[in-house]
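Hi,

Here is the structure I promised to pass on.

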Amino acid sequence: MGLATGIVLRGTGGFYDVRDDYGGMIRCRPRGRMRLDNLTILAGDRVAYTLLEQGLGVIEEILPRRSVLTRPSVANIDQLIVVSACARPNPQLTLIDRLMVLAESNGIEPMLCLNKIDLVTNDVAQNLATTYERAGYEVLKCSAKMGTGIDELRLALMGRVSSFAGPSGAGKSSLLNAIKPTLSLVTSAVSEKTGRGRQTTRQVELIELEHGSYVADTPGFSQLQLDGIDILDLGSYFPEIDRRSSDCRFSSCLHRSEPDCSILEAVEVGEIAQSRFDSYLLFLEELEQARIY
Ligand code: GDP
Ligand code: ZN
């Protein structure tokens, strides 16, 4: 009999719950040699398995991964939904940019979800949105409270494996509850959140929103340090820098004070947002510091 394929939603005590391609749930154990080869099966892994009987199976192999995140470990995340409140708490642009660079450098497509638009004027929300739309990102304006933008968010998640990231209190749980009320995720007032040390060692599970739409039950990156990025590559993780950098005089231009730098010119005339460029310079400095020590 041929092998079936599916996606691992969670591991529990040596078994893995695998959603097959037709919506069935198979409880699988790994073939013995996988343990010998020290292969770790992660939530999000696509696997090939042999079907036994009554919803049981044996995982034969892990299919090639498109991406892997560690701490906490999860495979094949397609997109990172960076969630920021428009207010309460105020947006932290450096954090948004950092999460986007982390996603880009891990081969994951970031998008921005601006939540709590009910708390600000249209202008305030749109100004924030424009900064990121002009950089080249998809931006959704939502209010989990009023139900605004939820259909658009559901559509953006369809058929993909996503992870939500962003500061505590931005409304990540509220947005997921708005998409699928039966989840009943716990939400809490901003001041009540401890925000630190949540679930970093715990195993990740995929939450199924609908058939084919999954969200990791972890706020993405627990570690916000940018390391392992070559300083020459940093610009390529800012789409608005990436698409202009071939116009700089020097191919190794770091866009700081080099002559005929197309990025400095674009910042000068307002085509690249100052806040985005400031984040770029800050991250560049961090990467240089990390290299020295
Ligand atoms: P998380 O830490 O990112 O998961 O944030 P929560 O979903 O727990 O939300 C934090 C607080 O913000 C809760 O008190 C929510 O009720 C509130 N909240 C979430 N979304 C909205 C929204 O769109 N508008 C307003 N006004 N409050 C919201
Ligand atoms: Zn340059």
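Glutamine 54 is exposed, with 76% relative accessible area (exposed is over 50%, buried under 20%, partly exposed in between, with a 1.4 Å probe and protein chains only). Its phi is positive, about 50°, even though glutamine 54 isn't a glycine. You'll find glutamine 54 in the loop between strand 4 (46-51) and strand 5 (56-62); helices (H or I, at least four residues) and strands (E, at least two) are DSSP runs numbered from the N terminus.

Before going on, some housekeeping. This is a predicted model, where local features need pLDDT of at least 70 and side-chain atom pairs pLDDT 80 or more, while totals for chains, interfaces and linings use all residues; side-chain values use heavy atoms, with hydrogens and water left out. Residues are numbered from 1 along each chain as its sequence is written, and chains are lettered from A and ligands numbered from 1 in the order in which they are written.

Back to the backbone. Serine 184 also has a positive phi without being a glycine, with a value near 45°. Serine 184 sits in the loop between helix 5 (172-179) and strand 12 (206-210), and counts as exposed at 55% relative accessibility. There's a cis peptide bond too, joining arginine 88 and proline 89, with omega about -5°. Proline 89 belongs to the loop between strand 8 (79-85) and helix 2.

Now the metal. Which residues hold the zinc ion (ligand 2)? Cys248 (SG), Cys253 (SG), His255 (ND1) and Cys261 (SG) coordinate the zinc ion, at 2.1 to 2.4 Å. Donors here are N, O and S atoms within 2.8 Å of the metal (3.2 Å for Na, K and Ca), and water is not among the atoms, so sites may look incomplete. The angles among the four donor atoms run from 103 to 117°, and the site is tetrahedral (four donors count as that if all angles lie between 85 and 135 degrees). Along the chain the donors follow the spacing C-x4-C-x1-H-x5-C. Cysteine 248 and cysteine 261 both lie in the loop between helix 6 (239-242) and helix 7 (262-268), so the pair ties together parts that are 13 residues apart in sequence. Cysteine 248 is buried, at 7% relative accessibility, and cysteine 261 is buried as well, at 3%. Serine 251 is in the loop between helix 6 and helix 7 too, but counts as exposed at 81% relative accessibility.

Next, the aromatics. How many aromatic pairs does the whole structure hold? The search finds three; rings of Phe, Tyr and Trp (its six-membered ring) pair if their centres lie within 6.5 Å, with planes under 30 degrees apart counting as stacked, over 60 as edge-to-face and the rest as tilted. In one of the pairs, phenylalanine 238 and tyrosine 280 have ring centres 5.7 Å apart and planes at 90°, so the pair is edge-to-face. That pair links distant parts of the chain, 42 residues apart: phenylalanine 238 is in the loop between strand 13 (213-216) and helix 6, and tyrosine 280 is in helix 8 (residues 274-292). Phenylalanine 238 is buried at 0% relative accessibility, and tyrosine 280 is buried at 1%. Phenylalanine 238 also pairs with phenylalanine 283: the centres are 6.2 Å apart and the planes at 40°, so this pair is tilted. Here the partners are 45 residues apart, with phenylalanine 283 again in helix 8. Phenylalanine 283 is buried, with a relative accessible area of 0%. Phe238, Phe277, Tyr280 and Phe283 form one aromatic cluster.

Arg276, Phe277, Ser279, Tyr280, Phe283, Leu284 and Leu287 are buried in helix 8. They cover an arc of only 155° around the axis, which puts them on the same side of the helix (the arc is that of the directions from the helix axis to the C-beta atoms). What covers them includes helix 2 (93-105), helix 3 (122-135), helix 6 and helix 7, where contact means heavy atoms within 4.5 Å.

Finally, helix 5 is mostly covered, with six of its eight residues buried. These are Lys172, Ser173, Leu175, Leu176, Asn177 and Ile179. They pack against strand 8, strand 9 (109-115), helix 4 (150-157), strand 11 (161-165), strand 12 and strand 13.

Cheers

Key:
Tetrahedral: all angles 85-135°; square planar, octahedral: opposite > 155°, others 65-115°.
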